[in-house]
Amino acid sequence: MAILSPRKTALALAVALFCAWQSPAFAHGGEAHMVPMDKTLQDFGADVQWDDYAQMFTLIKDGAYVKVKPGAKTAIVNGKTLELQVPVVMKDGKAWVSDTFINDVFQSGLDQTFQVEKRAHPLNSLSAAEISAAVAIVKAAADFKPNTRFTEISLREPDKKAVWDFALNGTPVNAPRAADVIMLDGKHVIEAVVDLQNKKVLSWTPIKDAHGMVLLDDFASVQNIINASSEFAEVLKKHGIDDPSKVITTPLTVGYFDGKDGLKQDARLLKVVSYLDVGDGNYWAHPIENLVAVVDLEQKKIIKIERGADDPGADGGPPL
């Protein structure tokens with residue numbers, strides 16, 4: 001028997017490995033064409049991650065979350081097993097997949113994190129059209145006033161038993177879609193229920209001893225009130241601030257302390273903490289210390305300025 005030299009042995013081994021790689025992979029009895037995984041999937045828009053400890057690839061694209069190991073005949077797509085026509089192959093530290101891999105995995109039907117519902121669920125949020133319809137129905141009501149503001153419009157949920165019957169048995173909910181509408185008439189809160197199918201108001205209820213939501217235009221009003229207040233401007237000067245327009249207000253709800261702070265429970269008030277815009281893009285880093293303005297949203301004015309003992313504008317005296 002002939003004995004090969006070390007050089008010939010190494011050459012024979014290299015040829016064997018080369019031939020082993022060149023041996024084609026097969027899919028459904030036919031030869032598979034292999035392409036580099038990283039470039040192919042990145043061109044496809046997928047994120048490719050390698051877990052060296054688990055010896056596993058994670059592929060992420062839109063609604064698909066795929067885990068696959070080199071040499072494995074299956075992949076896990078969104079938690080479900082998918083058989084691969086051709087396994088992932090490693091060569092020189094790089095992964096190769098068949099040119100059908102993307103279609104096999106990402107068109108498998110398992111990549112759908114969300115599915116389009118075949119019938120509307122009774123707890124679906126109100127659509128834009130339904131919200132517009134609710135507004136129109138309320139505005140047509142006899143009790144509606146021109147200055148009334150909408151604070152919230154949401155689905156009025158149907159009976160819970162009917163919802164469970166729909167979810168478990170597929171029984172349609174035999175009730176029209178309805179909306180809960182919350183409004184502000186000045187400082188007074190009003191709650192209404194609107195039948196969207198029959199286009200009518202089912203109930204209209206003023207809510208006593210309640211405060212409504214703070215709205216975006218309230219924030220704008222507070223800023224304008226602060227900027228226009230000569231009283232607040234005088235206090236700012238004692239803080240070394242001559243331009244009130246550089247003051248950024250952050251209105252906060254007041255709370256009620258049994259009248260001990262001199263504020264009325266039924267008034268629509270906001271306490272305003274202020275910051276100084278010095279032009280560095282971060283006014284949060286420049287709070288105006290020991291200075292809080294109380295703004296009455298109905299009167300559109302500052303009714304009280306609270307100052308701490310260390311406030312240079314306090315002069316040791318009581319709040320203005």
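Two strands are taken to pair if DSSP finds at least two bridges between them, and helices (H or I, at least four residues) and strands (E, at least two) are DSSP runs numbered from the N terminus. The model shown in these views is predicted, so local features need pLDDT of at least 70 and side-chain atom pairs count only at pLDDT 80 or more, whereas totals for chains, interfaces and linings use all residues. Residues are numbered from 1 along each chain as its sequence is written, and side-chain values use heavy atoms, with hydrogens and water left out.

**View 1. The open sheet of four strands, in the order E11-E12-E13-E14.** The pairing in this sheet is antiparallel. Because E11 and E14 stand at the edges, each with a single partner strand, one side of each is left without a neighbour in the sheet. From one strand to the next the twist averages 20°, where axes are lines fitted to C-alpha atoms (for helices over the stretch in contact) and angles run from 0 to 180 degrees between N-to-C directions. E13 and E14 pair in the antiparallel sense over seven bridges, and Ile 190 has Pro 206 as its bridge partner in E14. Helix H4 packs on the sheet and touches E11, E12, E13 and E14, its direction making about 130° with that of E11; contact here means heavy atoms within 4.5 Å.

**View 2. Helix H4 (residues 128–139) and its buried side.** The 12 residues of H4 reach 17 Å from the first C-alpha to the last, close to the 16 Å expected at 1.5 Å a residue, the expected span being 1.5 Å times one less than the number of residues. The buried residues of H4 are Glu 130, Ala 134, Val 135, Ile 137 and Val 138. These residues cover an arc of only 165° around the axis, which puts them on the same side of H4, the arc being that of the directions from the helix axis to the C-beta atoms. Turned away from that buried side is a face with the exposed residues Ala 128, Ala 129 and Lys 139; buried means under 20% relative accessible area, exposed over 50%, and partly exposed in between (1.4 Å probe, protein chains only). The strands against which the buried residues of H4 pack are E11 (149–155), E12 (178–185), E13 (188–195) and E14 (200–207).

**View 3. The hairpin formed by strands E7 and E8.** Strand E7 (residues 74–77) and strand E8 (residues 80–83) pair in the antiparallel sense over four bridges, and the bridge partner of Thr 74 in E8 is Glu 83. Two residues lie between the strands, and Asn 78 in the turn has a positive phi of about 50°.

View 4. Leaving aside neighbours within four places in sequence, Ile 248 is in contact with Gln 223, Val 273, Ser 274, Tyr 275, Asp 277 and Tyr 283.

**View 5. Aromatic ring pairs.** Rings of Phe, Tyr and Trp (its six-membered ring) pair if their centres lie within 6.5 Å, and planes under 30 degrees apart count as stacked, over 60 as edge-to-face and the rest as tilted. By this rule the count comes to four aromatic pairs. The rings of Trp 50 and Phe 57 have centres 4.5 Å apart and planes at 50°, so this pair is tilted. Trp 50 is partly exposed, with a relative accessible area of 36%, whereas Phe 57, at 6% relative accessibility, counts as buried. The rings of Tyr 275 and Trp 284 have centres 4.9 Å apart and planes at 65°, so this pair is edge-to-face. Tyr 275 is buried, with a relative accessible area of 15%, and ring pairs link Tyr 275, Tyr 283 and Trp 284 into a cluster.
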